[in-house]
Amino acid sequence: MARERIKVTRPDATGFDEVIKPVRDRSDFTTLKKDSIDAFEKKRRQPEQVQEPVSTSDAPAESKKTGEGAGKLQEPVSESAGDPRPAPSLARKESISKNEKGDRPSKSATPRVEKNELVELSLPPRRRPVGYMNLSLRLRVLDRHAEALKALEDSGVDVRDVFRTAYRSIPPVNFIPRYVPQVAERSGPGKYSYRIGPPVLQSTIKAIEAQVRGGANASRASLLLGQIEPVWFEKLDLTIKEYTQ
């Protein structure tokens, strides 16, 4: 059974029954207008006006005449005409002749070194003594040195210079294979100390370790500093007096 059509109670407002007309005629959209083409053709047919260049240089009077020598080429002006520079062609010929005669740079000239070129660092080989080893030892100061060093530091003296002067006055230290205990005196502040790295024979260290109970587990500095502390404190006292005066 066919379905009944929907009844419309008011006129159609969708606009489907209307015919859509173009807004403009496509003939109006042309690529070029006829008036512009005619104007271009009219301008092209007009005779071109040639403007003669106005010469501002002090050239000879013969070059200013328009009727004479129109088809001739101007020759280069010589030095006698007022221009001290030679003609380009002549200068080129002279340079070619000089190169032919052998005025070229010699091949033995030193080559240029670029600014960014790096050179390999070359150091002479150093001979290491057999059986020796370098140890880092810290030379301490005593409690009686702290007050004098603080006074020197407050006055603008670098205490490192004091330590350096005192150590340089010590004769070369040669460690012997014998244990010497450190000076039994109270140490000063830890900031006042001086590091050294003297060479020591490995056999000397082993011999000292064998003389101390538990020497193999003890620090090497505690085993060796007893041999250098007495002379170090003596020279440090003298150096502090010299700086104080």
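Biologist: Are Phe163 and Trp232 buried or exposed?
Modeller: The model is predicted, so local features need pLDDT of at least 70 and side-chain atom pairs count only at pLDDT 80 or more, while totals for chains, interfaces and linings use all residues. Numbering starts from 1 along each chain as its sequence is written, and side-chain values use heavy atoms, leaving out hydrogens and water. Buried means under 20% relative accessible area, exposed over 50%, and partly exposed in between (1.4 Å probe, protein chains only). By that rule, both Phe163 and Trp232 are buried.

Biologist: What share of the 245 residues of the protein counts as buried?
Modeller: The same cut-off is applied along the protein, under 20% relative accessible area. Of the 245 residues, the buried share is 16%.

Biologist: How many helices and strands does the protein have?
Modeller: Helices (H or I, at least four residues) and strands (E, at least two) are DSSP runs numbered from the N terminus. Read from that end, the elements run α-α-β-β-α-α-β-β-α-α-α. The count comes to seven helices and four strands.

Biologist: How many aromatic pairs are there?
Modeller: Rings of Phe, Tyr and Trp (its six-membered ring) pair if their centres lie within 6.5 Å; planes under 30 degrees apart are stacked, over 60 edge-to-face, and the rest tilted. By this rule the number of aromatic pairs is three.

Biologist: What kind of pair do the rings of Phe163 and Trp232 form?
Modeller: Phe163 is in helix α4 (residues 159–168) and Trp232 in helix α7, so the pair links distant parts of the chain, 69 residues apart. The ring centres are 6.2 Å apart and the planes stand at 55 degrees, so the pair is tilted.

Biologist: Which parts of the protein does the pair of Tyr167 and Tyr194 tie together?
Modeller: The rings of Tyr167 and Tyr194 are 5.7 Å apart centre to centre with 50 degrees between the planes, a tilted pair. Tyr167 is partly exposed at 24% relative accessibility, and Tyr194 is buried at 19%. The two residues are 27 apart in sequence, so the pair ties together helix α4 and strand β3 (residues 194–196).

Biologist: How is α4 oriented relative to α7?
Modeller: Axes are lines fitted to C-alpha atoms, for helices over the stretch in contact, and angles run from 0 to 180 degrees between N-to-C directions. For α4 and α7 the angle is about 130 degrees and the axes are 8 Å apart. Angles under 35 degrees count as roughly parallel, over 145 as roughly antiparallel, 65 to 115 as roughly perpendicular and the rest as oblique. That makes α4, relative to α7, oblique.

Biologist: How many nonpolar, polar and charged residues make the contact of α4 with α7?
Modeller: Contact means heavy atoms within 4.5 Å. The α4 residues include Phe163 and Tyr167, and the α7 residues include Trp232 and Tyr243. Ala, Val, Leu, Ile, Met, Phe, Trp, Tyr, Cys and Pro count as nonpolar, Asp, Glu, Lys and Arg as charged, and the others, Gly among them, as polar. The contact has eight nonpolar, two polar and two charged.

Biologist: What is the handedness of the crossing of α3 and α7?
Modeller: Helix α3 (residues 143–154) and helix α7 (residues 229–244) pack at about 30 degrees, with axes 11 Å apart. A crossing is left-handed if the near helix is turned anticlockwise from the far one by less than a right angle, and right-handed if clockwise. The crossing of α3 and α7 is left-handed.

Biologist: Which residues of α3 and α4 make their contact?
Modeller: These two helices pack at an angle of about 125 degrees, with axes 9 Å apart. They are therefore oblique to each other. The contact joins Leu149, Leu152 and Glu153 of α3 to α4 residues Val159, Val162 and Phe163.

Biologist: How far apart in space are Arg140 and Trp232, C-alpha to C-alpha?
Modeller: Arg140 sits in the loop between β2 (137–139) and α3, and counts as buried at 10% relative accessibility. Its contacts beyond four places in sequence include Tyr192, Glu229 and Trp232. Arg140 and Trp232 are 92 residues apart in sequence, but in space their C-alpha distance is 9.2 Å.

Biologist: Which residues does Thr204 touch, not counting those up to four places away in sequence?
Modeller: Thr204 lies in helix α5 (residues 202–211). At 6% relative accessibility Thr204 counts as buried. Thr204 touches Phe175, Ile176 and Pro177.
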